[in-house]
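Subject: Structure handover

Hello,

Here is the structure you will be working with. Please keep it open while you read the notes below.

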Amino acid sequence: MAMAVVEKGLPLQQAVGELSESVVAMLPSLSVLADILPRESLIWKLQMLKSASSFSNSRLHAVKAEVLVLASGKDQLIPSQEEAERLFHMLPACQIRNFAESGHTLFMEDGFDLVTVIKGAGFYRRTKKLDYVSDFMHPNQSEVTKMYNSYRWVDVAANPVMLSTLENGKVVKGLGGIPSDGPVVYVGYHMLLGLELGPLVSRFLAEKNIVLRGIAHPMMFGKIWERSLPDSSPFDVYRIMGGVPVSANNFYRLLSKKSHVLLYPGGVREALHRKGEAYKLFWLS
């Protein structure tokens with residue numbers, strides 16, 4: 001109750017008054033609570049909890065299944081993030097997704113979508129091994145909006161202009177010259193840090209409802225790499241938006257499914273331009 005009052009940003013006197021009213025309103029319930037949960041029952045339940053925790057902890061090492069742990073940064077009831085870290089180091093196939101601004105009732109909060117989290121972590125699949133080509137699901141509107149908002153500042157700062165060429169050779173503003181049906185290959189040049197990806201992907205979705213299936217560096221999909229990071233959720237957006245690890249086989253399979261494939265031959269090296277390398281192309285074999 002105190003945290004809820006503080007978050008309202010009320011003046012001190014008003015905050016104290018509201019907190020006092022809440023406590024007074026709760027007092028009549030305490031006698032009822034004592035009848036419902038007698039002291040003996042409470043002690044018995046705590047003993048059961050302690051015994052069950054010891055039993056579970058002694059057998060965690062035997063869990064070989066993949067585990068996805070969701071941890072809230074503002075959980076006022078239990079130390080979610082500390083417990084997530086403990087499980088991460090005890091379970092051999094564990095991933096963590098942190099939600100720094102969320103509280104104890106994570107699943108009940110606005111804007112939280114469990115399906116999106118599962119997809120981003122690579123847990124949505126039809127077989128034991130994730131197939132980035134076949135297991136892909138078209139992003140929903142909330143996922144697209146969240147992706148765009150994270151890159152919106154680039155759109156505002158750069159104000160990129162999209163041009164395309166019609167069949168008659170006329171260059172027009174917008175994506176009117178882009179074919180709606182695939183397969184289509186888009187060959188791109190990475191600007192600084194690859195920040196052009198956000199506006200490009202979002203514009204194709206907004207104007208043509210086309211998901212660009214990007215051929216991305218394997219680093220963004222490797223489980224071993226993920227376990228070396230405190231939180232790998234920043235890479236989730238690439239999976240949600242249709243990214244696949246770079247390989248000739250994946251490239252062929254995307255084309256066979258009539259996808260719109262986005263390819264950057266310069267890769268990460270081109271995205272990380274060094275001093276004096278502005279607009280320099282890096283074609284990697």
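A salt bridge here is a side-chain nitrogen of Lys or Arg within 4 Å of a carboxyl oxygen of Asp or Glu. Before using that term, two notes on the source. This is a predicted model, in which local features need pLDDT of at least 70 and side-chain atom pairs count only at pLDDT 80 or more, while totals for chains, interfaces and linings use all residues. Residues are numbered from 1 along each chain as its sequence is written, and side-chain values use heavy atoms, with hydrogens and water left out.

Salt bridges

How many salt bridges does a search of the whole structure find? The search finds 10. Arg97, Asp236 and Arg239 are linked in a network of them. Helices (H or I, at least four residues) and strands (E, at least two) are DSSP runs, numbered from the N terminus.

The side chains of Arg239 and Asp236 also meet in a salt bridge, at 3.1 Å from N to O. These two residues are three apart in helix H9, so about one helical turn separates them.

Asp236 and Arg97 are both buried. The relative accessible area of Asp236 is 7%. Arg239 is buried too, with a relative accessible area of 7%.

Another salt bridge joins Asp131 to Arg253, with the closest N and O atoms 2.7 Å apart. Asp131 lies in the loop between helix H5 (114-120) and helix H6 (141-158), and Arg253 in helix H10 (residues 248-256), so the pair ties together parts that are 122 residues apart in sequence. Asp131 is partly exposed, because its relative accessible area is 23%.

Domains

The domain assignment gives domain 1 (63-112) and domain 2 (141-272). Such bounds come from an automatic or database domain assignment. The C-alpha centres of the two domains lie 29 Å apart.

The largest pocket

The volume of the largest pocket is about 850 Å³. On a 1 Å grid over the protein atoms alone, a pocket is an open set of points with protein on both sides within 12 Å along at least five of seven lines, and lining residues have an atom within 4 Å of a point. Grid points are joined across faces, edges and corners, and a volume is the space filled by probe spheres set on the points.

Which residues lie nearest the centre of this pocket? They are His190, Ile215, Ala216, His217 and Tyr264, out of 36 lining residues. Among the elements that each supply at least two residues of the lining are helix H7 (197-208), strand S8 (260-263) and helix H11 (267-271). The largest share, four residues, comes from S6.

Surface patch

Val32, Leu33, Ile36, Leu37, Leu42, Leu46 and Leu49 form a nonpolar patch on the surface, with about 660 Å² of accessible area together. Helix H2 (12-36) and helix H3 (39-57) are the elements that give two or more residues to this patch. Patches are made of residues with over 30% relative accessible area and no salt bridge, where like charges are joined within 9 Å and nonpolar side chains (Val, Leu, Ile, Met, Phe, Trp, Tyr) within 5 Å. Accessible areas come from the Shrake-Rupley method with a 1.4 Å probe, and for residues only the protein chains shown count as cover. Val32 is in helix H2 and counts as partly exposed, because its relative accessibility is 45%.

Backbone details

A cis peptide bond joins Gly182 and Pro183, with omega about 5 degrees. Pro183 is in the loop between strand S4 (171-173) and strand S5 (184-187).

Asn209 is not a glycine, yet its phi is positive, near 55 degrees. Asn209 sits in the loop between H7 and S6 and is exposed, at 53% relative accessibility. Lys258, also not a glycine, has a positive phi of about 60 degrees. Lys258 lies in the loop between H10 and S8, and its relative accessible area of 55% makes it exposed.

Regards

Key
Buried < 20%, exposed > 50% of the residue type's maximum accessible area, 1.4 Å probe, protein only. 1 Å grid on protein atoms, 1.4 Å probe; cavity = no way out; pocket = protein on both sides within 12 Å on 5 of 7 lines; lining within 4 Å.
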